[in-house]
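Hi,

Here is the structure I promised to pass on.

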Amino acid sequence: MASTRTIRAAARQVKPILSVDQGEARKRVLNLYKAWYRQIPYILIDYDFPKSKEQCREKLREEFEKHRHVQDIRVIDMLVIKGQMELKETVEIWKQKHGLMAYWRDSVDPKPKDFLSKFLDGHD
Amino acid sequence: MASLSRTLRFAALIRPSAVLSVVPRAATVGCLHTLTSRESRLSNTTLLSAITKATSGVRSYSAKEPLTLDLIQQRVMLVLKLYDKVNPDKLAVDSHFMQDLGLDSLDHVEVIMAMEDEFGFEIPDGDAEKLLRPADIIRYVADKEDIYE
């Protein structure tokens with residue numbers, strides 16, 4: 001009885017990735033947002049970006065809102081680390097223009113509508 | 001030609017309207033273009049720095065205007081009114097960002113960043129998360145700039 005209780009308590013404690021509580025995770029997220037926000041004017045200059053500053057800010061907000069519902073601290077840490085990796089690549093100009101424009105690309109290709117596109121796609 | 005454009009650019013910092021009236025009709029398109037771009041950059045800065053640039057005519061080597069509590073309040077409220085997610089009718093000195101104005105934490109980060117840009121000094125995260133009303137921001141800036149309350 002006591003052993004199962006201790007096992008259950010041990011299973012509830014998971015090894016953290018970076019943050020130990022919600023407050024720390026929240027700080028990391030807000031810092032990442034601030035870093036990206038400050039980088040946007042330089043992105044527009046470095047990449048000769050076709051989008052405007054407001055569009056970039058909207059897209060940044062959208063990307064953060066996508067994961068608004070996440071509660072698990074380890075998942076939040078992982079997302080922050082991925083965001084930081086993207087930021088590093090963007091700052092050092094290891095990405096190219098198409099890499100950044102991918103944020104605006106649809107994730108699903110549109111289905112072919114006219115006959116020839118359907119034929120070339122191999123419709124059933 | 002280069003010296004003419006340089007003097008015009010310097011003069012544009014002081015009195016853009018006067019310079020535009022003085023520019024001769026024979027001026028090249030390129031020269032006019034530098035004037036309009038300089039003028040548009042001037043209109044982007046805050047009211048206060050525009051006024052000091054117009055009146056002083058002397059270079060200010062990162063010197064700041066003498067701040068008073070009232071001036072800080074005006075600047076903070078102006079920045080908040082210009083923020084498009086804030087409803088200017090609901091804005092008051094003691095209105096809470098999250099509860100009264102309906103901003104979320106990312107908007108709050110943007111507001112704090114705007115304040116950092118306005119007053120020219122970094123606000124660390126520990127302090128920033130406590131600044132939830134314009135009154136708090138005004139008091140914080142006054143503390144940092146050593147303005148007597």
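A definition to start with: buried means under 20% relative accessible area, exposed means over 50%, and partly exposed is in between (1.4 Å probe, protein chains only). By that rule, 23% of the 124 residues of chain A count as buried.

Some housekeeping: this is a predicted model, so local features need pLDDT of at least 70 and side-chain atom pairs count only at pLDDT 80 or more, while totals for chains, interfaces and linings use all residues. Residues are numbered from 1 along each chain as its sequence is written, chains are lettered from A and ligands numbered from 1 in the order in which they are written, and side-chain values use heavy atoms, with hydrogens and water left out.

On to the fold. Chain A has six helices and zero strands, where helices (H or I, at least four residues) and strands (E, at least two) are DSSP runs numbered from the N terminus. Take contacts (heavy atoms within 4.5 Å) between residues of chain A at least 6 apart in sequence: 69% of them join residues at least 24 apart. The accessible surface of chain A (Shrake-Rupley, 1.4 Å probe; for residues, only the protein chains shown count as cover) comes to about 9500 Å², with 56% of that on carbon and sulfur atoms.

Now the interface. Chains A and B bury about 1200 Å² between them, 50% of it on carbon and sulfur atoms; buried area here is the accessible area (1.4 Å probe) that two parts lose on being put together, summed over both. A:Lys34, A:Arg38 and A:Arg61 supply 43% of what chain A buries against chain B, more than any other three residues. The contact takes 12 residues from chain A and 14 from chain B.

Seven salt bridges are counted between the two chains, each being a side-chain nitrogen of Lys or Arg within 4 Å of a carboxyl oxygen of Asp or Glu. One of them pairs A:Lys34 with B:Glu116, the closest N and O atoms being 3.0 Å apart. On the chain A side, α2 (22–46) and α3 (53–66) each supply at least two of the residues that touch chain B, and α2(A) gives the most, with eight residues.

One last thing, about A:Met85. This residue lies in helix α4 (residues 73–91) of chain A and is partly exposed, with a relative accessible area of 47%.

Cheers
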